[in-house]
Amino acid sequence: MGLRDDLDRFREVGEKRREDLADFIQYGDLGGSRPDEIQIPVKIVSLPEFEYDRRDQGGVGQGDGGTPDVGQPVGQPQPQPGDDDGDGDEPGEEGGDHEYYEMDPEEFAQELDEELGLDLEPKGKRVIEEKEGPYTDLTRSGPDSTLDFERMFKEGLKRKLAMDFDEDFLRELCKIEGITPREVFEWARGENLPVSMAWIEEAHREVADDRGTWASIEEVEANVDRESVQQKIRREGIRHVPFRREDERYRYPEIVEEKEKNVVVVNIRDVSGSMREKKRELVERTFTPLDWYLTGKYDNAEFVYIAHDAEAWQVEREDFFGIRSGGGTKISSAYELAREVLEEYPWSDWNRYVFAAGDSENSSNDTGERVIPLMEEIPANLHAYVETQPSGNAINATHAEELERHFGDAEDVAVAYVNSEEDVTDAIYEILSTEGESES
């Protein structure tokens, strides 16, 4: 086996692991994993090894009697008498060890995102810390090291542009025969020049000997070029920028709220008489990866498990999927209990998911009169219902259809159908992609 073949095999390992993940969700033994550690069964991948060249070219060996066979990995002892496969154990006599790829929920969530093409970005709700962010805010006082000099310079430059004027042109006006300082001042005000009466009086005195150079303002305007402040700055550069104390601003950090991503997941399962073993298995096969996924996505995840027939009660996870079927069905009883439980998880502090599953059979009018109003009343990132009907829809299995008709394309309600293991991955995608479009 060449080096290129070895590299190709390594590249296949990552792709194969993702395939194993999808197979595990659909067909694997979910009970072998723990909440904080997920075990994905993978097929054994033999790592590449150096082997002797199959061409007989000689080279370093193990001496007479110890020369390895062609193709034998380096360091592997030669077969000895009695080591052949002829006297081995009969097939199936003993169990063997199986290999698992262990991943934590965060890694599982990342893999599932890549597998399904999802991009769920959880929102933080409860503030756990306030810390300094970028220096984007301004104040009138602070240490010199935080002085925003660029802003101060811009303010001074704007002032210079607003206050400066062409002094030489005004002096030429003062040389007009018989003109008074008041007349020069009135002309300057009409031109919006920011000059004071005191400055004009001083300039008028300075050019007294040149009075009579011009006969009128019109003659000055026709013969003397006026220079704008911008032209003067381009010609002379900036020799002086008039800064003031009021221009000073000091940068200080924006206060950023660090929010913890908390989530509470309410899992609801129908345990009425119609929910036989296959239906229960499909519920578990759908809900368990969803729990792992959200555990990996959020900083703090808590789970509530509610079972119901005609009444609802809260159970532990280890009992949730194993409760035997019995009794009638009233789905609204579970949502009424969920509403009570969620009072302990304020919507302002917690992200919420309400996942329900069953065979869509419900007592008469319960879906429209009670379940739908309760779903609209309970704020959540996502409400999802998973219908499990392995043998096809029953005549009175209308709950999922009623939800679809009422909520339509709502961004916080998903309905999925799981009739076999092959439908599980698509159902998970339907649920999580709907949540990805909503705002928490």
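**Salt bridges in the predicted model**

The count comes to 14 salt bridges, a salt bridge being a side-chain nitrogen of Lys or Arg within 4 Å of a carboxyl oxygen of Asp or Glu. This is a predicted model, in which local features need pLDDT of at least 70, side-chain atom pairs count only at pLDDT 80 or more, and totals for chains, interfaces and linings use all residues. Residues are numbered from 1 along each chain as its sequence is written, and side-chain values use heavy atoms, with hydrogens and water left out.

- E167 and R171 form a salt bridge at 3.7 Å, N to O.
- Both E167 and R171 belong to helix α4 (residues 167-173), four residues apart, about one turn of the helix; helices (H or I, at least four residues) and strands (E, at least two) are DSSP runs, numbered from the N terminus.
- R171 also pairs with D168 in a salt bridge, at 3.8 Å, N to O.
- D168 and R171 sit three residues apart in helix α4, about one turn of the helix.
- Salt bridges link E167, D168, R171 and E206 in a network.

**Accessibility in helix α4**

- D168 is exposed, with 56% relative accessibility; exposed means over 50% relative accessible area, buried under 20%, and partly exposed in between (1.4 Å probe, protein chains only).
- E167 is partly exposed at 30%, and R171 is partly exposed at 23%.

**The E421 and K278 pair**

- The side chains of E421 and K278 make a salt bridge at 2.5 Å, N to O.
- E421 lies in the loop between β12 (413-418) and α14 (424-436) and K278 in helix α9 (residues 277-297), so the pair ties together parts that are 143 residues apart in sequence.
- E421 is buried at 15% relative accessibility, whereas K278 is partly exposed at 33%.
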